[in-house]
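Student: I'd like to learn to read a model like this one feature by feature. Could you take me through it?

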Amino acid sequence: MGVVKGDQMILNIGPQHPSTHGVLRLEVMTDGEIVSEIRPHLGYLHRCFEKHSENVTYEQVIPFTDRCDYLAAMNSNFGYVVAMEELMEIKVPERVDYIRVIMGELNRIASHLLALGVYGLDIGAFTPFLYMLRDRERILDMFEYTCGARLLYNYMWVGGVSHDLPKDFQKICIGFLDYFEPQIEEYNNLLTYNKIFVERTADVGVIPADVAVSYGVTGPNLRGSGVKWDVRKDEPYSIYDRFDFEVPLGDGHFGTLGDCFDRYWVRMLEIKESVKILRQALKDIPGGDVHQMLPKKIRPPKGSVYRRTESPRGDLGYYIMSDGTPTPYRVKMRSPAFTALSVLDEVSRGWMISDVIAILGSLDIVLGEIDR
Amino acid sequence: MSKYFANIYDTVNTLWTGMRITWGHMINIKRDNVTLQYPEERWPRPERNIGFEHEDYNVIRSRLHVDIDDCIGCLKCERACPVDCIKIDTIKAPNRGEDIPEVKHTGETSNGTKKAMVVSRFTIDMSECCYCNLCTYPCPEECIFMVGGPNSSKHPIDYEFSEFDRTDLIYQFAKKLSPEQKDGLQNPKPEAEA
């Protein structure tokens with residue numbers, strides 16, 4: 001008896017589709033409603049970041065790194081400037097380090113809030129999205145107050161930051177944290193423990209730990225599979241070794257380890273850890289001049305550097321090669337969302353089309369970073 | 001069977017919890033309202049002194065502006081721009097630091113620097129601008145800034161400028177020179193001896 005096999009249908013999702021989180025086209029081979037293969041087509045948002053960087057000076061690269069991961073532009077800046085400072089052997093003042101950590105963690109919260117809210121939107125819950133965007137707005141207001149921009153900051157410079165914090169920033173930020181911490185419980189009641197949401201996400205799209213590692217998946221997606229790997233802890237950059245925080249791991253809260261719910265849950269726990277880091281950083285921040293170590297001319301010596309940092313999406317690495325001129329010889333960016341997308345085909349096989357949307361949303365990809 | 005009813009109980013329970021939160025916000029609409037009737041009401045823009053040379057420099061990046069009377073045509077902002085949206089042409093002034101009333105050129109900036117160049121063209125294409133603010137830092141006369149900057153009383157913050165035509169977003173800051181005036185500056189006539 002042979003297996004009766006129906007005709008394959010090719011379903012095209014995107015490029016203009018609200019649940020692909022940008023301009024991504026998915027070619028989905030389906031047998032009935034069961035997905036047998038997914039071919040992602042990238043490049044709709046390709047802006048030649050790496051080639052373009054070779055033609056502009058080192059400080060002019062920073063606005064372009066903003067536009068790669070536009071939901072966490074501070075963290076994109078952070079990775080680039082940390083790599084540049086390693087190449088140029090600059091030791092930045094303590095205050096700059098603290099400001100960068102504060103900005104990076106605030107942006108991590110903002111990025112995770114959007115990721116969680118939009119994930120609810122993908123699954124079909126509209127209200128939590130509005131609640132999370134309401135609080136994200138307050139973080140963006142703080143950024144606007146600090147550096148004048150809400151989304152694309154160009155805030156961190158090689159050797160410093162563009163503006164010092166406002167005098168009352170500490171008060172505003174702690175006020176926000178006091179307001180924000182009870183809200184996390186509200187999100188949980190509103191969305192996380194909702195039975196409909198749990199049914200849609202638990203046991204769906206399981207990424208086993210070995211698959212995640214072999215595909216190079218990083219960040220909350222990897223930790224959702226139970227692998228303890230956080231660059232902030234395991235390979236500390238800047239001053240992350242001074243703070244006391246946990247690395248949240250997925251534990252199969254409602255289903256299997258590594259399912260969509262675990263990836264969602266890890267992000268929710270990470271927000272809490274970021275609040276913890278912020279409180280410590282705001283307490284310890286020293287005074288000082290943030291423009292003290294700005295180099296007159298950025299002209300690093302011949303050589304190359306690879307530095308990775310933990311962006312909200314995972315392991316964000318910059319490889320910068322210098323030939324001694326004011327423009328970089330090569331800038332390579334290792335994007336965490338790109339590897340997260342590559343695992344989609346393997347994970348979604350055998351699931352239904354509506355589950356593909358749930359899996360894609362749980363990976364939290366940003367197309368600006370994938371296409372660069 | 002018991003699982004079936006437990007499922008129903010869970011669903012109703014969690015839905016009830018969620019609905020209670022949204023209803024709570026609905027009842028306290030006056031307290032929890034976060035939206036504004038936009039064109040009539042607006043959020044206040046934060047204003048602060050950033051302690052970066054200027055007394056009342058605002059950090060808000062809304063639109064580039066140039067005080068052309070202060071510009072000495074050094075092209076530093078043009079070189080700093082990562083997207084090349086600033087374009088400047090200059091003509092060498094016949095006498096450094098002297099006014100040329102025919103083309104409304106002032107010889108000295110407000111800081112007292114003598115100008116060696118007449119700026120014949122200063123255009124900023126705001127549809128290309130990426131609002132990175134990199135052009136404002138190298139300016140030696142601090143005459144290019146995001147609106148709301150040093151002269152915030154003169155230039156109010158204008159963050160929602162819009163035009164019907166894309167070419168209207170190319171802002172011209174230099175004073176208009178006719179071709180004859182340009183020619184006269186480039187090839188100055190030897191003054192008739194008395």
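This is a predicted model: local features need pLDDT of at least 70, side-chain atom pairs count only at pLDDT 80 or more; totals for chains, interfaces and linings use all residues.

Student: How many residues of chain B are in contact with chain A?

Tutor: In general, the size of an interface is often given as the accessible area lost when the parts come together. Here we count residues instead, and two residues are in contact if their C-beta atoms, placed from the backbone, lie within 7 Å. By that rule, 22 residues of chain B contact 23 residues of chain A. The chain B side splits into 12 nonpolar, 7 polar and 3 charged residues. For the classes, Ala, Val, Leu, Ile, Met, Phe, Trp, Tyr, Cys and Pro are nonpolar, Asp, Glu, Lys and Arg are charged, and the others, Gly among them, are polar.

Student: At what angle do helix α6 of chain A and helix α1 of chain B pack?

Tutor: First, the terms: helices (H or I, at least four residues) and strands (E, at least two) are DSSP runs, numbered from the N terminus. Axes are lines fitted to C-alpha atoms, for helices over the stretch in contact, and angles run from 0 to 180 degrees between N-to-C directions. Angles under 35 degrees count as roughly parallel, over 145 as roughly antiparallel, 65 to 115 as roughly perpendicular and the rest as oblique. Now the case: α6(A), residues 169–192, and α1(B), residues 2–27, pack at about 130 degrees with their axes 8 Å apart, and are therefore oblique to each other. A:Glu186, A:Asn189 and A:Leu190 meet B:Thr17, B:Gly18 and B:Ile21 there.

Student: Which residues of α6(A) are buried?

Tutor: A residue is buried if 20 or more other C-beta atoms lie within 10 Å of its own, exposed if 12 or fewer, and partly exposed in between, with C-beta atoms placed from the backbone. In α6(A) the buried ones are A:Cys173, A:Tyr187, A:Leu190, A:Leu191 and A:Thr192. They pack against α4, α5 (127–147), α7 (195–201) and α11 (260–284) of chain A, together with α1 of chain B.

Student: And how many residues of α1(B) are buried?

Tutor: The number is 2 of 26, so α1(B) lies largely in the open. Its ends are 37 Å apart from first C-alpha to last, close to the 38 Å expected at 1.5 Å a residue (the expected span is 1.5 Å times one less than the number of residues). Across chain B, 23% of the 194 residues count as buried.

Student: Which residues meet where α4(A) packs on α14(A)?

Tutor: A:Val118, A:Tyr119, A:Asp122 and A:Ile123 of α4(A) meet A:Ile357, A:Ala358, A:Gly361 and A:Ser362 of α14(A). By class, that makes 5 nonpolar, 2 polar and 1 charged. The axes of α4(A), residues 94–123, and α14(A), residues 353–363, come within 9 Å and cross at roughly 175 degrees. The two helices are therefore roughly antiparallel.

Student: On to sheets. In what order do the strands of the open sheet with β1, β2 and β3 of chain A lie?

Tutor: Two strands pair if DSSP finds at least two bridges between them. The order is β1-β2-β3, with antiparallel pairing. Its edge strands are β1 (9–13) and β3 (34–41), each pairing on one side only. Strand β2(A), residues 25–31, pairs with β3(A) over 7 bridges, and A:Arg25 stands opposite A:His41.

Student: Which residues of β8(A) are on its covered face?

Tutor: In a regular strand the side chains alternate between the two faces of the sheet. In β8(A), residues 330–334, the covered face has A:Val331 and A:Met333, and the uncovered one A:Arg330, A:Lys332 and A:Arg334. Strand β7(A), residues 314–322, joins β8(A) through 5 bridges, running antiparallel, and A:Met321 has A:Arg330 as its bridge partner.

Student: Last one: is A:Tyr215 buried or exposed?

Tutor: A:Tyr215 is buried, with 20 other C-beta atoms within 10 Å. This residue sits in helix α8(A), residues 209–215. Not counting residues up to four places away in sequence, A:Tyr215 touches A:Thr339, A:Ser342 and A:Val343.

How values were computed
Residues are numbered from 1 along each chain as its sequence is written. Chains are lettered from A and ligands numbered from 1 in the order in which they are written.
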